[in-house]
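Please read these notes with the sequence and the model open beside you. They go through the chain part by part.

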Amino acid sequence: MLSIKQLNKTYANGVKAINDVSLEIPNGMFGLLGPNGAGKSSLMRTIATLQDPDSGSIHFHGLDVLRDKEALRRQLGYLPQDFGVYPKVSAERLLNHFAILKGLTGKGERKEAVEALLQQTNLWEARKRALGTYSGGMRQRFGIAQALLGAPRLVIVDEPTAGLDPDERNRFLNLLAKIGEQVVVILSTHIVEDVTDLCPRMAMIARGTVLLQGEPQAAIDTLKNRVWRRTVGQDELADYQARFNVLSTRLVAGRPQINVYAESQPDGGFVSVEPDLEDVYFLQVRNAGRATAAPAAASAASAAASTVAA
Ligand SMILES: Nc1ncnc2c1ncn2[C@@H]1O[C@H](COP(=O)(O)OP(=O)(O)OP(=O)(O)O)[C@@H](O)[C@H]1O
């Protein structure tokens with residue numbers, strides 16, 4: 001269990017990137033979902049002991065992480081958002097190099113670990129190729145291979161699927177899913193489907209604040225019979241946005257289809273739809289935005305959706 005309590009971080013420029021964050025993260029996949037600038041990377045870097053918070057505590061299986069950073073690092077696998085590779089070096093050589101840095105000094109055990117990870121990440125055939133020739137998805141799989149060196153008990157992956165095509169994304173998510181139940185895996189992402197597909201538990205954050213944490217399905221259930229859909233004309237869209245709590249707009253055959261949040265069926269051609277995690281996410285993020293601008297406007301809708309908070 002990873003336990004984060006009342007964590008705060010304000011950067012020198014005054015941005016409060018982590019705002020009184022408390023999270024309880026059990027073994028298994030945990031999704032950390034938030035828009036760009038929400039504070040996900042700041043939180044990931046802090047858990048990975050790469051930067052200090054201003055206040056608060058982090059404990060991992062009883063270990064005081066902020067006091068004993070070295071002990072945490074020995075159990076940590078980290079794939080940062082901006083993971084760079086040496087383009088001219090082969091995957092096998094670079095992984096071997098990372099393995100030495102990770103403390104796998106025995107030649108035999110190192111060879112075994114490197115080979116196993118290249119197999120596991122499906123890079124065995126391409127192991128002799130220079131990393132500069134890898135696709136984005138292959139590079140991310142290499143990134144997870146290096147994160148898994150030394151059998152970490154805490155694995156942090158920061159926005160790993162951004163920019164991957166659907167096939168590569170699936171391959172990457174399958175790989176993460178197989179890492180197992182015995183370790184804590186934190187997946188930070190702004191892609192809602194990553195969390196829907198993979199994570200039994202999750203938290204949503206925006207502006208450094210936890211909006212909701214718990215099981216995705218419990219969060220979705222709070223919106224049952226409260227999400228309504230209809231197709232509108234392009235010229236009507238602004239009017240609907242002003243009159244309704246529009247969660248999302250997507251084009252279907254060139255026409256805007258809107259999902260709106262309402263306690264009861266709105267007049268005029270709306271049909272009820274099964275809510276999904278994207279509806280929860282948009283409602284939470286919208287309310288967080290409104291709460292900053294005008295606290296009263298957000299209160300009714302947020303009361304419905306934040307009850308899942310554990
Ligand atoms: N070193 C820094 N100094 C000052 N401000 C920072 C620093 N790092 C991040 N920020 C700011 O803190 C806020 C949170 O950024 P962070 O990168 O943690 O968010 P994020 O959720 O990971 O977003 P993204 O998906 O865009 O990376 C943003 O407003 C960002 O501009």
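The numbered points below describe a predicted model.

1. Overall division. The chain splits into domain 1, residues 2-206, and domain 2, residues 220-308. Their centres, taken over C-alpha atoms, are 33 Å apart. A separate division comes from UniProt, where an unreviewed entry lists residues 2-232 as "domain: ABC transporter". That span is 33% helix and 28% strand, and its end C-alpha atoms lie 46 Å apart.

2. Where the domains meet. Seven residues of domain 1 are in contact with seven residues of domain 2. On the domain 1 side, α7 (192-198) and β9 (201-206) each supply at least two of the touching residues. The largest share, three residues, comes from α7. By class, this side of domain 1 has six nonpolar residues, one polar residue and no charged residues.

3. The largest nonpolar core. This core holds 80 residues, and the members that touch the most others are Phe-30, Ile-156, Val-185, Ile-186 and Leu-187. Which helix gives the largest share of the core? Helix α10, residues 277-293, does, with six residues. Both domain 1 and domain 2 contribute to the core, with at least three residues from each. To see one member in its setting, take Ile-156: leaving out residues up to four places away in sequence, Ile-156 touches Met-44, Ile-47, Ala-48, Tyr-78 and Ile-186.

4. Helix α1. Are the residues of α1 mostly buried or exposed? Eight of its eight residues are buried. They are Lys-40, Ser-41, Ser-42, Leu-43, Met-44, Arg-45, Thr-46 and Ile-47, so the list includes charged and polar residues as well as nonpolar ones. After the helix comes Thr-49, whose phi is positive, near 65°.

5. Around the ligand. The shell around the ligand has 14 residues, of which Tyr-11, Asn-36, Lys-40, Ser-41 and Ser-42 come nearest. Helix α1, residues 40-47, gives the most to this shell, with three residues. Sorted by class, the shell has four nonpolar, eight polar and two charged residues.

6. Asp-158. This residue sits in strand β7, residues 154-158. Why does Asp-158 count as buried? Asp-158 has 23 C-beta neighbours inside 10 Å, and the cut-off for buried is 20 or more. Apart from neighbours within four places in sequence, Asp-158 is in contact with Lys-40, Ser-41, Met-44, Leu-79, Pro-80, Gln-81 and Ser-188. Lys-40, Ser-41 and Met-44 are also among the buried residues of α1. Asp-158 and Phe-83 are 75 residues apart in sequence, while their C-alpha atoms are 9.5 Å apart in space.

7. Two loop residues to check. Ala-151 lies in the loop between α5 (136-147) and β7. Its phi is positive, near 45°, in a residue other than glycine. Ala-151 is exposed because 11 other C-beta atoms lie within 10 Å, and the cut-off for exposed is 12 or fewer. Arg-207 is in the loop between β9 and β10 (209-214). Arg-207 is also a residue other than glycine with a positive phi, near 50°. With 19 C-beta neighbours inside 10 Å, Arg-207 counts as partly exposed.

Conventions:
Residues are numbered from 1 along each chain as its sequence is written. This is a predicted model: local features need pLDDT of at least 70, side-chain atom pairs count only at pLDDT 80 or more; totals for chains, interfaces and linings use all residues. A nonpolar core is a set of buried Ala, Val, Leu, Ile, Met, Phe, Trp, Tyr and Cys residues joined through C-beta atoms within 7 Å. Helices (H or I, at least four residues) and strands (E, at least two) are DSSP runs, numbered from the N terminus. Domain bounds come from an automatic or database domain assignment. Two residues are in contact if their C-beta atoms, placed from the backbone, lie within 7 Å. UniProt positions are given in the numbering used here, feature names are shortened, and annotations may be inferred rather than shown by experiment. A residue is near a molecule or strand if its C-beta atom, placed from the backbone, lies within 6 Å of it.
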